[in-house]
Amino acid sequence: MSASQLANREVVVDVVDLKKSFGDNEVLKGISGQIHRGEVICVIGPSGSGKSTLLRCLNLLEQPTGGNVFVEGVEVTDPDCDIDKVRADMGMVFQQFNLFPHLTVLENCTIGQMVVRKRSKSDAEAKARENLLRVGLADKEGAYPGQLSGGQQQRVAIARALSMDPELMLFDEPTSALDPELVGDVLSVMRKLASEGMTMFVVTHEMAFARDVADRVIFMDGGYIVEEGAPDQVIGNPQHQRTKTFLDRVLNPTKVGQIGAEDEAHAARHQSVPDADGDGDSRP
Ligand SMILES: Nc1ncnc2c1ncn2[C@@H]1O[C@H](COP(=O)(O)OP(=O)(O)O)[C@@H](O)[C@H]1O
Ligand SMILES: [Mg+2]
């Protein structure tokens, strides 16, 4: 989506000078921005920079200590807000899949619909089957999570979230806990969702995904948005030294090894960046 197309889109999430402290540790130092309908935003940045905290403040899994968050025009930071109602519109996919181990795949995908959306069992099952088909797991509805690979469990978690008919999907490093060979299937489900017009806010270390799929990339460091813009701009031609340093470490895992680079080493292990420009150096 171009910047001018985006400007005409409805605002789904509006964040105004968001701050969050844990004790005297201020981890979000004034974040502002908007997510538009149909937009895919990828958030990148070193470990500890506040990415998860930002995402969790959007649906009050963390209570902000300053600023305002509006979702679909409703101020979620207003103490009178019915947060359960707002949360129902926000699908959330975590690094750990958080499926119920004692429920089948189908049951995992219907329980929230029945409890929160008050759907009948048969309506919920029809919706769940539709979404299991979407993530390529139609044949697994009777399985238990423990019988599935990590990649399959994560796709169930995505189907579960989609079955709630969310207005937007929040992903917090959805592929970071997966074995490398299982990452691709989850990313291709996410690509498909993006191409179908889902509004997505994705914390990720998958630079190739961010580069191909995001409408906008946000680089965070130290509780601030340091840089944001089109992926080719932020990942391909970063303007700030901190962005350059981070990308250099993440895109060149073999350089990692100095003391102090542990944060990015985790990301680097899960990184596979195709040689986008064909010059053989696997750098953008
Ligand atoms: N529940 C919490 N209690 C105290 N400190 C926290 C809590 N959650 C996160 N933090 C701190 O906030 C900072 C940012 O964490 P986080 O948002 O998880 O970063 P990221 O997702 O970018 O790795 C870190 O210093 C972390 O230790
Ligand atoms: Mg995190």
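**Exercise 1. How H4 and H5 pack**

Work out at roughly what angle the axes of H4 and H5 cross in this predicted model, and which residues meet.

*Solution.* Start with the axes: those of H4 and H5 come within 9 Å and cross at roughly 125°. Anything from 65 to 115 degrees would be roughly perpendicular and anything over 145 roughly antiparallel, so H4 ends up oblique to H5. The handedness comes next: H4 passes H5 in a right-handed crossing. Finally, look at who touches whom. From H4 you have Val-105, Leu-106, Cys-109, Thr-110, Gln-113 and Met-114, and they meet Lys-121, Asp-123, Ala-124, Glu-125, Lys-127, Ala-128, Arg-129 and Leu-132 in H5.

**Exercise 2. The two sides of H5**

Find which residues of H5 are buried, and say what covers them.

*Solution.* H5 runs over residues 121–134, which is 14 residues, and it reaches 20 Å from its first C-alpha to its last, close to the 20 Å expected at 1.5 Å a residue. Now pick out the buried positions: Ala-124, Lys-127, Ala-128, Asn-131 and Leu-132. Look down the axis of H5 and these buried residues fall within an arc of 135°, so they line one face of the helix. Turn to the face pointing away from that buried side, and you'll see the exposed residues Ser-122 and Leu-133. As for the cover over the buried residues of H5, it includes helix H4 (105–116) and helix H6 (150–162). One last stop past the end of the helix: H5 is followed by Gly-136, which has a positive phi, near 80°.

**Exercise 3. Arg-155 and the H6–H7 pair**

Decide whether Arg-155 is buried or exposed, then describe how H6 and H7 cross.

*Solution.* Locate the residue first: Arg-155 sits in helix H6. Its relative accessibility is 10%, and buried means under 20%, so Arg-155 counts as buried. Leaving out residues up to four places away in sequence, Arg-155 touches Val-135, Gly-136, Leu-137, Asp-185, Val-186 and Val-189. Gly-136 is the residue with positive phi that follows H5.

Now the helix pair. The axes of H6 and helix H7 (residues 180–195) come within 8 Å and cross at roughly 20°. That makes H6 and H7 roughly parallel to each other, and their crossing is right-handed. On the H6 side, the contact is made by Gly-150, Gly-151, Gln-154, Arg-155, Ile-158 and Leu-162. H7 brings Leu-182, Asp-185, Val-186, Val-189, Met-190 and Leu-193.

**Exercise 4. The whole chain**

Say how many helices and strands the chain has, and what share of its residues is buried.

*Solution.* Count the elements: 11 helices and 10 strands. Then the burial: 50% of the 284 residues are buried. To finish, take the contacts with a separation of 6 or more: residues 24 or more positions apart account for 64% of them.

How values were computed: Residues numbered from 1 in each chain as written. Chains lettered and ligands numbered in written order. Predicted model: local features only at pLDDT ≥ 70, side-chain atom pairs only at ≥ 80, totals over all residues. Heavy atoms only, no water. Helix = DSSP H or I, 4+ residues; strand = E, 2+ residues; numbered from the N terminus. Expected span 1.5 Å × (residues − 1). Buried < 20%, exposed > 50% of the residue type's maximum accessible area, 1.4 Å probe, protein only. Arc of directions from axis to C-beta. Contact = heavy atoms within 4.5 Å. Axes fitted to C-alpha atoms, helices over the stretch in contact; angles between N-to-C directions. Parallel < 35°, antiparallel > 145°, perpendicular 65-115°, else oblique. Left-handed = near helix turned anticlockwise from the far one by under 90°.
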